[in-house]
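I opened my notebook to see what could be read from this structure, one spot at a time. Here is what I looked up, in the order I looked.

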Amino acid sequence: MGWSEWAREIEVEPSIYAADFTRLGEQLGGLTEGGARVFHFDVGDGHFIPEVTIGPVVLASISPFVHAWGGRLDCHLMVERPERHFEAVARAGGDSVTFHVEACEDPLDDIAQARSRGLGVGIAFNPGTAVEDAAAAATGADLVLCMSIHPGYSGQPFMPEAPARIARLRELLPPEVRVQVDGGINAETVGVARDAGADLLVAGSAIFWREDPAQAYRELAARVEEPVRG
Ligand code: DX5
Ligand code: ZN
């Protein structure tokens with residue numbers, strides 16, 4: 001099972017990092033009822049990015065529920081030596097790992113290692129990295145993640161150079177490889193990112209920092225797909 005089986009043509013992915021962790025189960029359940037299927041889960045190690053975020057313990061507590069509801073967990077590893085974490089992520093119920101080209105020595109080998117654990121695979125790249133370098137490292141990946149912020153935390157603005165970088169990425173990748181965007185996606189920028197060629201649209205603050213996250217999800221999804229398929 002991989003992205004081609006579970007992901008719809010366009011996915012707006014709630015980024016759990018921005019959730020209210022005192023109400024996490026309730027918020028994920030509400031978003032699932034609202035139509036969300038793929039949840040983005042940010043792992044940061046305090047080295048690759050300064051922030052320590054969430055990890056396998058939280059993943060293990062939510063994955064049985066998300067899976068029972070028909071959802072998937074897309075894990076964004078903002079960590080050095082990502083391959084050291086594949087096993088723990090897979091065991092905790094992660095469905096896919098996306099790791100940074102800047103963080104690995106041999107991306108092709110890391111892609112193979114993730115696959116051997118039954119995980120979907122993505123390659124991410126930072127705003128300072130050449131799009132060409134990321135695309136070249138992504139042979140065999142399901143998706144390439146174009147960061148539209150410097151990774152670290154939710155609530156930063158979408159970088160103005162991101163649409164051109166997304167468009168260049170779309171041009172370089174074979175059609176079956178998905179283009180994901182992460183950072184600053186909201187009601188204004190989601191259409192811009194979609195029009196540039198992204199089909200997996202991660203949104204943290206624009207969903208979880210709103211009064212009604214499920215409603216915020218539906219509003220974002222309505223801007224890029226008609227109608228939301230349940
Ligand atoms: C930050 C994370 C993002 C973050 C996005 O580095 O990778 O997934 O939660 O948050 P927003 O959508 O608020 O930029
Ligand atoms: Zn992320």
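Entry 1: I began with His-40, which counts as buried because its relative accessibility is 0%. A reminder to myself: this is a predicted model. I then checked His-76, and that residue is buried too, with a relative accessible area of 0%.

Which protein donors does the zinc ion (ligand 2) have? I found His-40 through NE2, Asp-42 through OD, His-76 through ND1 and Asp-182 through OD, at 2.1 to 2.3 Å from the zinc ion. I wrote the spacing of these donor residues in sequence as H-x1-D-x33-H-x105-D. His-40 sits in strand 2 (residues 38-44) and His-76 in strand 3 (residues 72-78), so this pair ties together parts that are 36 residues apart in sequence.

Next I asked why the arrangement around the zinc ion (ligand 2) is octahedral. Six donor atoms surround the ion, and the angles they subtend run from 72 to 169°, which makes it so. The rule wants opposite donors over 155 degrees apart and all others between 65 and 115.

**Entry 2: ligand 1.** I listed 19 residues around ligand 1, and the ones that come nearest are Ser-15, Gly-152, Asp-182, Gly-204 and Ser-205.

I then went through some backbone contacts. A polar backbone atom of Gly-152 is 2.7 Å from an oxygen atom of ligand 1. For Gly-155, a polar backbone atom is 2.8 Å from a ligand 1 oxygen. Gly-184 also has a backbone N or O atom 2.8 Å from an oxygen atom of ligand 1. How much of the accessible area of ligand 1 does the protein cover? On its own ligand 1 has 380 Å², and the protein covers 100% of it.

Entry 3: Trp-3 and Trp-6 are both buried.

Phe-86 and Phe-99 make another tilted pair, 5.3 Å centre to centre with 40° between the planes. Phe-86 is in helix 4 (residues 86-91) and Phe-99 in strand 4 (residues 96-100), so the pair ties together parts 13 residues apart in sequence. I checked burial here as well: Phe-86 counts as buried at 0% relative accessibility, and Phe-99 counts as buried at 0%.

Methods
Residues are numbered from 1 along each chain as its sequence is written. Chains are lettered from A and ligands numbered from 1 in the order in which they are written. This is a predicted model: local features need pLDDT of at least 70, side-chain atom pairs count only at pLDDT 80 or more; totals for chains, interfaces and linings use all residues. Side-chain values use heavy atoms; hydrogens and water are left out. Donors are N, O and S atoms within 2.8 Å of the metal (3.2 Å for Na, K and Ca); water is not among the atoms, so sites may look incomplete. Four donors count as tetrahedral if all angles lie between 85 and 135 degrees; four count as square planar and six as octahedral if opposite donors are over 155 degrees apart and all others between 65 and 115; anything else is irregular. Helices (H or I, at least four residues) and strands (E, at least two) are DSSP runs, numbered from the N terminus. Buried means under 20% relative accessible area, exposed over 50%, partly exposed in between (1.4 Å probe, protein chains only). A residue is near a molecule or strand if one of its heavy atoms lies within 4 Å of it. A polar contact is a pair of N or O atoms within 3.5 Å; within protein, one must be able to donate a hydrogen and the other to accept it, and residues adjacent in sequence count only if both atoms are side-chain atoms. Accessible areas come from the Shrake-Rupley method with a 1.4 Å probe; for residues, only the protein chains shown count as cover. Rings of Phe, Tyr and Trp (its six-membered ring) pair if their centres lie within 6.5 Å; planes under 30 degrees apart count as stacked, over 60 as edge-to-face and the rest as tilted.
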